[in-house]
Each structure stands twice: as C-alpha cells, then as structure tokens.
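Please keep the structure in view while working through the numbered points.

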Amino acid sequence: MKHYEVEILDAKIREKLCFLDKVEPHATIAEIKNLFTKTHPQWYPARQSLRLDPKGKSLKDEDVLQKLPVGTTATLYFRDLGAQISWVTVFLTEYAGPLFIYLLFYFRVPFIYGHKYDFTSSRHTVVHLACICHSFHYVKRLLETLFVHRFSHGTMPLRNIFKNCTYYWGFAAWMAYYINHPLYTPPTYGAQQVKLALAIFVICQLGNFSIHMALRDLRPAGSKTRKIPYPTKNPFTWLFLLVSCPNYTYEVGSWIGFAIMTQCLPVALFSLVGFTQMTIWAKGKHRSYLKEFRDYPPLRMPIIPFLL
C-alpha cells in the first residue's frame with residue numbers, strides 16, 4: 001500500500017507548519033487534523049480549516065485523502081477558525097437568557113418600574129397569557145436543543161455567542177419591558193384579537209415542533225447524512241410540499257401571532273428582524289438542496305409558498 005506525505009502550510013503566509021510522513025491513503029481529513037494537533041496542540045481539530053487552495057473551501061472531515069485531487073505528496077493549507085464552542089452550549093445560552101430575563105419583568109423585580117410596583121401583578125389577562133406563551137416558546141427551544149436537534153457541525157466560533165446573545169437577550173428585555181409595564185394597555189380589539197393571535201401562536205408552535213421532529217428523523221444519530229425532507233402523515237409537515245424550510249415559516253408565524261396578541265411594537269420589530277434573518281438562512285438551504293439533489297421538488301420556495 002502506497003503511503004502519502006502531507007505538507008500543511010499556513011494559508012496566509014505559506015509558511016510550513018507541519019509535515020506528516022507515511023499517512024494512510026484512506027485517512028480522513030478528521031484524522032489528519034488529529035495528527036496536526038499533536039504537533040500544534042493550540043489548534044485543536046474544531047478550530048482547523050484545511051483546504052486544497054489557500055482561498056478555497058474547507059475540506060469536510062469525512063473527505064478521504066486518496067479521493068482528493070492530490071498526488072502522493074499532498075499540500076494542504078491551514079486557517080485558524082478561532083476559539084470554538086459547541087452548538088448545544090450556544091443554543092442553551094441563547095434561549096435560557098430570554099426565558100429568565102422576561103420573567104424578571106413579568107414579576108416586576110425591584111429597580112425596573114419603580115418602588116411602588118415591585119412584585120406587583122398586571123390586571124390584564126393578556127399580560128399573563130403573553131408570559132405563558134413566551135416562556136413556553138423558550139422552554140420548547142431548550143428541550144429541543146437537548147433532545148431533538150442533531151447538528152451537522154459540532155461547534156461554532158466563540159465570538160458568535162456574544163452577538164447572538166445580544167440579539168436574543170436584548171429583544172427579550174425590550175419586549176418584556178413594554179408588555180409588563182404598569183401602563184400597558186390591552187389590544188384594540190380585546191379578547192377576540194387575543195384569542196385569534198393565541199390560535200396562530202399555538203398552531204405555529206405545533207408546526208415548528210413537527211418540522212423539527214421530521215428533520216431529526218431524516219438524520220440518524222451520529223450521522224451527517226442529508227436527504228430531501230418530505231411530508232409525513234403529520235398534517236403540519238405538509239408545508240414541505242410548498243417550502244424548503246417550513247420550520248422558519250412556522251417560527252415567523254409564531255412571532256406574528258405574539259405581536260398581534262400583545263400589540264407591542266418591539267415584538268413586531270423582533271418579528272421583522274427574525275423574518276429577515278430566517279429568509280437569508282432559508283434561501284441558503286434552498287440553494288444547497290437544489291445543488292445537491294437533482295430531483296428536488298420544483299414547486300418549493302425557501303420560506304413563503306409561491307412568493308419567497
């Protein structure tokens with residue numbers, strides 16, 4: 001069996017960082033990363049990006065050396081991705097924050113609304129209902145992170161957690177401040193508006209959970225397998241007939257329902273910002289589906305049926 005020699009250079013300055021002798025032909029990029037870590041322990045595998053070209057795409061961990069367009073002396077280029085943190089840790093931090101922050105405003109802890117309102121309770125039913133819905137949403141997200149989601153990538157850059165937490169925690173505080181404010185006024189159309197909005201919220205939460213379960217079932221535990229998602233017997237998954245990312249469609253729908261229920265401008269702005277970001281993600285996933293699967297259903301749109 002012919003062995004390979006692998007030379008790893010810094011992608012920026014072309015300096016030789018490592019030379020690996022007698023590498024097995026069937027070695028994966030993940031195994032090469034582990035070998036590289038032995039000589040440079042400061043760069044653990046999750047921070048490494050190895051590529052065939054200094055400005056090219058990162059090779060996948062599962063790529064096999066002998067199947068790459070390289071000779072028996074292979075040159076790979078290294079880029080440091082920076083300190084990494086697990087996706088599970090990121091999601092738990094992102095979602096626990098809003099849950100806790102919202103409750104601080106709901107229970108009107110001291111120094112928020114003034115001394116005379118400390119630990120008082122709103123007289124409006126919609127305020128209590130909004131707290132239940134908001135808490136349910138983030139408890140659901142936390143449980144899904146622990147027991148449902150299967151991540152194709154184990155980690156993300158540590159710097160992202162600060163950006164993501166600023167977004168989630170900041171908006172949670174802004175929304176909670178106004179919804180739980182002693183001067184808050186209920187929606188214009190009263191109970192009818194609240195009931196309609198609650199129905200939208202609940203349906204979309206059930207839909208979002210159903211899509212997450214369907215996506216989980218597509219990928220066996222410990223696998224990075226990608227398949228085309230199709231509707232199941234669950235009616236909430238039938239939205240797959242028309243959009244590539246119905247989990248985002250339902251997510252946006254939930255926040256629209258919450259905005260209608262509370263008739264609160266910060267919630268509407270949060271919904272708009274979230275919709276904008278999720279549309280970007282949905283378009284990216286839609287493009288990758290079209291690129292990867294030739295038989296991908298042509299009627300599907302990224303996030304909104306027939307439109308977007």
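1. A helix is here a DSSP run of type H or I with at least four residues, and helices are numbered from the N terminus. With that understood, Ser 271 lies in helix 7, which covers residues 265-292. The model is a predicted one.

2. Helix 7 contains 28 residues. From its first C-alpha to its last, helix 7 reaches 40 Å, which is close to the 40 Å expected at 1.5 Å a residue.

3. Is Ser 271 buried or exposed? Its relative accessible area is 10%. Because buried means under 20% relative accessible area, Ser 271 is classed as buried. Other buried residues of helix 7 include Pro 266, Val 267, Phe 270, Gly 274 and Met 278; Thr 279, Ala 282, His 286 and Tyr 289 are also among them.

4. Which residues does Ser 271 touch, when those up to four places away in sequence are not counted? They are Trp 255, Ile 256 and Ala 259. The buried residues of helix 7 pack against helix 6 (246-262), and also against helix 3 (125-147) and helix 4 (159-179).

5. The protein is divided into domain 1 (4-82), domain 2 (86-185) and domain 3 (187-307). Between the C-alpha centres of domain 1 and domain 2 the distance is 42 Å.

6. An unreviewed UniProt entry places the feature "domain: TECR-like N-terminal" at residues 5-80. Over residues 5-80, the chain is 34% strand and 14% helix, and the end C-alpha atoms lie 22 Å apart.

Note on methods: Residues are numbered from 1 along each chain as its sequence is written. This is a predicted model: local features need pLDDT of at least 70, side-chain atom pairs count only at pLDDT 80 or more; totals for chains, interfaces and linings use all residues. Side-chain values use heavy atoms; hydrogens and water are left out. Helices (H or I, at least four residues) and strands (E, at least two) are DSSP runs, numbered from the N terminus. Buried means under 20% relative accessible area, exposed over 50%, partly exposed in between (1.4 Å probe, protein chains only). Contact means heavy atoms within 4.5 Å. UniProt positions are given in the numbering used here, feature names are shortened, and annotations may be inferred rather than shown by experiment. Domain bounds come from an automatic or database domain assignment. The expected span of a helix is 1.5 Å times one less than its number of residues.
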